[in-house]
Amino acid sequence: MNARQLDPVDIAIAWDRLISITDEGAAALVRTSFSTLVREGYDLSVMLFDLKARMIAQSAKCIPVFIGTAPVTIAHMLAKYPPETLSPGDIIVSNDPVIGTGHMFDIAVMMPIFRQGRIVAYAMSITHLPDIGGMGFSAAATEIYHEGLRLPIWKLFAAGRRDENLVELIRMNVRVPEQVLGDVMANVSCVEVVSRQLLEFMDEAGFASLRPLADAIIGQTESAVRAAIAAIPDATYENEVDVEAFDESRRLVCRIEKRNDTLAIDFSGTGPCVKAGINVPLPYTKSMALYALKCVTTPKLPNNDGATAPISVHAPEGCILNAVPPAPSAGRHAIGHFVFPLILGAFERVIPERLAAPSGFINILTMQGRHADGRPMAATYFAAGGFGALCDLDGKATTPGSSNMGSTPVEIFEPLSGLVVERKALRPDSGGAGEFRGGPGQEVVLRNDTGNAMAVFSMANRTQFPARGMAGGQPGALREHLVNDRPIPTQGRYELAPGDRLILREAGGGGFGPPERRSKDKVRDDIARGFVASERA
Amino acid sequence: MLRTCAVSRHSHQVRQVADGTAGTLRLGIDIGGTFTDFALVNRDGARVAVHKQLTTPHDPAEAVLEGTRAILAAADLSLVDVAEIVHGTTLVTNALIERRGGRTGMLVTRGFRDLFDIGKEQRYDLFDLRLQYAEPIVPRRMREEVSERLRHDGSVMEPLDEQSVRDAVTRLVEIEKVDALAVCYLHAYANDAHEIRTREIVRALHPELYVSTSADIFPFMREYDRWMTTCANAYAQPLVDSYLSRLDDGLKDLGFSGSFWVIGSSGGLMPPEVARRYPVRLLESGPAAGVLMSARFGRELKQENILSFDLGGTTAKGALVRHGEPLRKYTFEAAHVYEYRSGSGLELQIPVIDMTEIGAGGGSLVWLDELGRMRVGPKSAGAEPGPVCYARGGTNATLTDANLVLGYLDADFFLGGRMKLDAAAAATAIRTGIGTTLGLEAARAAWGIHDIANENIARAFRMHATERGFDYRSCGMIAFGGGGPIHAARIARKLKIPLVIFPAGAGVMSAFGMLSGAQSFEVMRAFPRALDGLSEQEFSRALEAVEEEASSFLLASGVPSAAVRKNRRVDMRYRGQGYEIEVPLPDDLTSAERLKALPGLFAERYRQVFRAELGEALEVVSLKIAAMGPAPQSFTTGMKPAAGVDTALKGHRPAYFPSRRGLVDCPVYARERLVPGATIEGPALIEEAESTCLLDSGDRARVDEHYNLIGEIGVGS
């Protein structure tokens with residue numbers, strides 16, 4: 001097939017096939033994983049890279065953090081182990097947050113794919129592990145060294161032989177070794193599935209190399225993104241937001257230079273890191289920025305490195321959006337999620353029709369304690385705030401923005417945690433008013449029925465700085481945590497006594513357009529749907 | 001539980017058949033989007049007649065009754081000669097799509113009225129900020145909270161407040177005028193006492209209300225899914241009840257006194273009384289019947305593993321048959337509201353034949369995406385206006401137009417010549433719509449459309465099979481539906497499937513499938529237990545309870561207890577995982593052996609699916625029992641050729657075969673003239689009135705003794 005030029009039909013078919021190969025890898029991961037974050041929340045990604053380590057296909061289901069971190073990871077892996085030194089059966093791993101996804105829970109597993117003795121592509125799988133030692137999934141650490149096992153870039157398999165020393169090292173450093181190693185091996189199966197499928201496809205299509213296809217995929221995507229960028233007027237766009245950072249607050253600043261068909265994003269002016277695990281390593285910041293721009297420019301196209309080529313991202317080292325060790329980062333999402341609305345907000349005046357107002361974000365809590373029968377208990381709970389409104393669409397209630405974890409059903413969560421969910425209801429009047437209303441958040445009441453004290457680790461945001469409205473829309477309500485009807489701090493550790501009720505009030509999304517333009521009929525409908533409590537909106 | 005409530009009328013019907021007061025014929029009726037199909041077979045297992053009738057969407061019963069009259073009249077028969085009618089319908093699917101169900105109220109555990117508005121708290125597309133979600137079936141003002149609460153182990157945390165039930169129902173009936181009610185309480189799968197008591201209270205107050213309780217409809221953990229399914233069931237009840245009554249009356253008026261069955265989503269036959277009670281189990285009932293037929297062909301042809309491939313007017317459907325049995329699952333998403341996207345519909349928990357369905361049918365529209373890449377489907381031209389070549393006002397090229405331009409369809413022999421196609425208009429639409437933009441001539445563009453559809457279908461099937469650990473490369477494909485036989489050989493080639501079976505009667509295969517279903521009912525119960533703490537006695541007792549429940553309905557409809565077969569499956573996983581795999585229990589194990597066998601059976605299945613073994617502790621999640629009546633008598637779907645025709649070759653026409661570098665003068669055969677033992681080498685087209693088989697260069701087919709065409713793919717290349 002390489003003898004002749006690939007025509008549009010060939011490309012469309014082969015392109016989709018590469019994506020479906022990564023989707024097949026993802027399906028196997030979800031079904032074998034031990035981590036609720038993987039299977040309920042799809043905290044995973046599977047990717048294919050070409051010989052130049054350009055990402056050419058990515059599984060459709062994943063969360064935004066993986067949009068741009070993997071190319072950084074693979075570049076470092078190949079710098080340490082250059083392609084010419086690799087053999088069939090090598091599998092390289094790393095969970096280093098600085099070159100990865102920003103926290104050590106995520107392990108990247110990479111395998112070079114050999115065909116007739118030569119590398120034709122690379123497969124990579126990343127998942128959130130159930131544990132990595134240290135202080136658990138919380139912001140409790142003050143240095144990265146408290147956060148658990150940091151693996152260097154290392155060969156888990158060399159020419160098909162597993163490095164049992166590395167396995168032993170992991171086993172001795174985590175709380176639930178069987179589950180962690182089970183998940184590591186699920187990633188290994190995944191890259192093997194991807195590799196086998198790719199080789200089958202190349203045989204079938206008669207491709208000796210992926211280069212012409214990769215060039216076409218990257219080239220077409222890049223030109224579509226460039227065309228979308230070119231349609232935005234040349235200018236410097238700026239925005240800033242304030243975020244809560246434990247006992248302090250931080251200002252995030254972005255400045256976007258738009259010239260012709262390129263964008264240069266600079267986060268200079270952003271405040272410094274804090275001594276809590278909410279600092280954001282640069283790859284995560286970059287991912288969120290690229291993700292935001294993809295939503296704005298070419299939301300319907302599959303993601304690959306072509307989408308990122310016209311865009312550069314800079315943040316000064318040491319600022320809270322470019323954390324370096326020893327700054328801890330386990331809960332980097334608490335700050336990192338703000339990058340998305342920060343970027344979108346910069347374009348408010350020029351392309352409002354392509355934006356969404358900021359959302360109320362997702363709340364992530366970790367609970368540790370003992371069940372009534374004495375068994376140890378550890379659980380993670382997600383509760384979404386409201387989504388921001390668009391220029392012609394209300395924000396969806398209780399739908400995550402910036403990230404995309406799903407919720408755990410009450411009937412699954414109760415036996416898992418020993419908590420009783422007394423109530424899970426819409427939170428009226430929490431969505432920002434507007435011609436198009438922001439999505440309302442929710443109120444969840446959790447009662448500690450274990451008979452034992454229970455520690456709750458919270459990394460909540462939107463507790464001081466609401467989701468702003470756009471184009472005259474009102475902000476959403478703030479997030480609040482209460483115990484037995486008394487407010488408690490929203491970032492840090494809190495102990496629930498037996499019988500205590502933890503009340504979570506989730507933040508609303510911002511509205512779009514002036515509220516007085518909303519029709520009476522729609523307001524009546526809002527009341528009937530429980531979005532608004534009274535005619536006051 | 002009241003599963004056996006009203007099946008006595010049916011056992012009366014069975015006796016009538018036995019007495020010989022009714023006839024001996026069996027009639028299968030499948031309502032599809034465009035056509036309602038009929039298939040008639042006799043007691044000797046011979047095909048008597050087939051028929052296609054335009055569907056009447058305003059009242060589907062009309063086409064059913066009209067077509068029933070027509071097929072019998074043409075064969076010089078009457079309904080008195082018919083012993084049994086098996087029926088499949090899209091009524092429930094359409095009611096959910098068009099929101100034409102009953103006025104439905106909901107009673108729900110206090111604190112959880114807003115669950116449907118809160119949703120699953122996840123976006124189904126990461127980049128698209130404009131996502132839309134299906135509206136809840138029951139509007140919020142028609143949901144009322146009731147004071148009661150159970151724990152996850154079924155124990156009572158707060159007793160049912162009966163007065164709160166009465167107050168809620170009174171308001172829903174008097175103010176909201178509901179005619180159906182869904183009762184949805186937390187943890188009801190573990191204990192249904194509060195739901196049952198609520199139903200009693202409602203019955204006493206308002207005996208005319210249709211009531212569905214969540215533990216009865218689908219006793220499954222995960223409240224959002226269970227409640228959604230319960231609401232859908234209540235919503236469909238008034239509609240299905242009145243439809244089945246109209247049909248029943250109409251058939252009686254025509255003189256029918258035999259037994260009447262409705263086929264469910266899982267392929268099991270239900271008497272009308274059960275269908276009225278569980279109408280949500282009628283979703284996808286027609287396509288399920290086609291898969292049953294594939295399974296039957298597979299068994300007869302000694303092909304244990306089958307990929308069943310059905311291509312109709314709007315979609316292509318694939319299903320897997322392993323060791324002669326269709327794979328099943330327990331989730332089905334209906335009524336998508338945003339670009340046919342998975343996640344934008346109503347996710348319902350019902351036992352269904354596990355099918356993958358993609359928007360690639362004859363009517364699928366061709367378009368260019370924002371990169372200028374050619375796309376086929378999922379939007380469809382439907383029956384109105386239909387493909388351009390139907391000359392009924394369509395202007396946008398479709399897959400059928402491409403197949404016509406490529407020479408695979410004969411403009412003068414569509415539906416046996418009953419419908420003339422406009423080939424020139426099809427070519428123009430492809431040239432102007434796509435070809436010019438891409439700089440491709442009509443034939444090359446049409447090939448692109450055909451091949452993209454094949455690739456989309458192959459990809460969906462590959463995904464579907466891989467997720468289920470099914471090695472499609474060694475299975476056989478069975479191709480049917482109006483368009484399946486044109487695409488099958490090439491899709492098989494992409495999937496490395498060596499064998500494609502083109503059954504006789506492929507165009508009305510689902511109607512035939514109705515007649516190969518057995519009576520059956522499936523019950524699933526949550527049974528979360530760590531395997532190491534589970535006693536043999538507890539396990540056996542739990543299995544027996546579910547078995548008893550599943551068989552009770554068959555026994556009540558007159559199936560002798562000795563004839564009831566039971567299929568036992570256990571959902572298991574490594575402790576800590578969130579998804580389970582289904583472990584079938586072999587029939588030959590004694591109840592004492594079953595528990596001991598579980599670890600070995602699980603390890604074997606897990607290795608097959610994920611090529612790994614972890615050595616972790618195991619847990620049981622749920623028990624599933626399907627109780628089945630005896631399989632109906634077998635029949636053939638082919639017809640003996642009329643005597644006196646010595647050649648099946650009808651002639652030649654130009655058709656596009658890239659394997660032969662473009663247009664070739666392709667031989668065309670008449671399917672009804674092929675005799676057993678005949679062989680055909682590709683490239684070739686084999687036509688019958690309802691469908692056309694395509695063999696590519698290198699493929700070879702022979703006709704078996706039942707007039708099925710057995711294609712070997714790529715043997716000559």
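This is a predicted model: local features need pLDDT of at least 70, side-chain atom pairs count only at pLDDT 80 or more; totals for chains, interfaces and linings use all residues.
The interface is considered first. On the side of chain B, 66 residues are in contact with 89 residues of chain A. The size of an interface is often given as the accessible area lost when the parts come together. Here the two chains bury about 6800 Å² between them, and 54% of this area lies on carbon and sulfur atoms. Within chain B, the residues that lose the most area to chain A are B:Glu121, B:Phe127 and B:Leu129; together they account for 12% of what that side buries.

Polar and charged groups also meet across the interface. Between chain B and chain A, 27 residue pairs are in polar contact, and the count of salt bridges is eight. In one salt bridge, the side chain of B:Arg149 meets that of A:Glu414, with 2.4 Å from N to O. Several elements of chain B each supply at least two residues of the side that touches chain A: helix 4 (115–118), helix 8 (223–253), strand 22 (374–380), helix 13 (442–467) and helix 17 (591–610). The largest share comes from helix 13 of chain B, with 11 residues. By residue type, the side of chain B that touches chain A contains 31 charged, 24 nonpolar and 11 polar residues.

Chain B also contains an open sheet of six strands with mixed pairing, in the order 3-2-1-4-11-12. Its edges are formed by strand 3 (47–54) and strand 12 (269–270) of chain B, each of which pairs on one side only. Strand 1 (residues 25–31) and strand 2 (residues 35–41) of chain B are antiparallel and share six bridges. In this pairing, B:Gly28 has B:Ala39 of strand 2 as its bridge partner. Helix 2 (residues 60–74) of chain B lies across strands 1, 2, 3 and 4 of chain B and runs at about 140° to strand 3 of chain B.

In chain A, strand 8 (residues 235–245) and strand 9 (residues 248–259) run antiparallel and are joined by 11 bridges. Opposite A:Val243 stands A:Arg250 in strand 9 of chain A. These strands form a hairpin with two residues between them, and A:Phe246 in the turn has a positive phi of about 55°. Strand 9 of chain A also pairs with strand 10 (residues 262–266) of chain A, in the antiparallel sense and over five bridges. A:Arg259 has A:Thr262 as its bridge partner in strand 10 of chain A. Strands 9 and 10 of chain A form a hairpin with two residues between them; in its turn, A:Asn260 has a positive phi of about 50°.

Conventions:
Residues are numbered from 1 along each chain as its sequence is written. Chains are lettered from A and ligands numbered from 1 in the order in which they are written. Side-chain values use heavy atoms; hydrogens and water are left out. Contact means heavy atoms within 4.5 Å. Buried area is the accessible area (1.4 Å probe) that two parts lose on being put together, summed over both. A salt bridge is a side-chain nitrogen of Lys or Arg within 4 Å of a carboxyl oxygen of Asp or Glu. A polar contact is a pair of N or O atoms within 3.5 Å; within protein, one must be able to donate a hydrogen and the other to accept it, and residues adjacent in sequence count only if both atoms are side-chain atoms. Helices (H or I, at least four residues) and strands (E, at least two) are DSSP runs, numbered from the N terminus. Ala, Val, Leu, Ile, Met, Phe, Trp, Tyr, Cys and Pro count as nonpolar, Asp, Glu, Lys and Arg as charged, and the others, Gly among them, as polar. Two strands pair if DSSP finds at least two bridges between them. Axes are lines fitted to C-alpha atoms, for helices over the stretch in contact, and angles run from 0 to 180 degrees between N-to-C directions.
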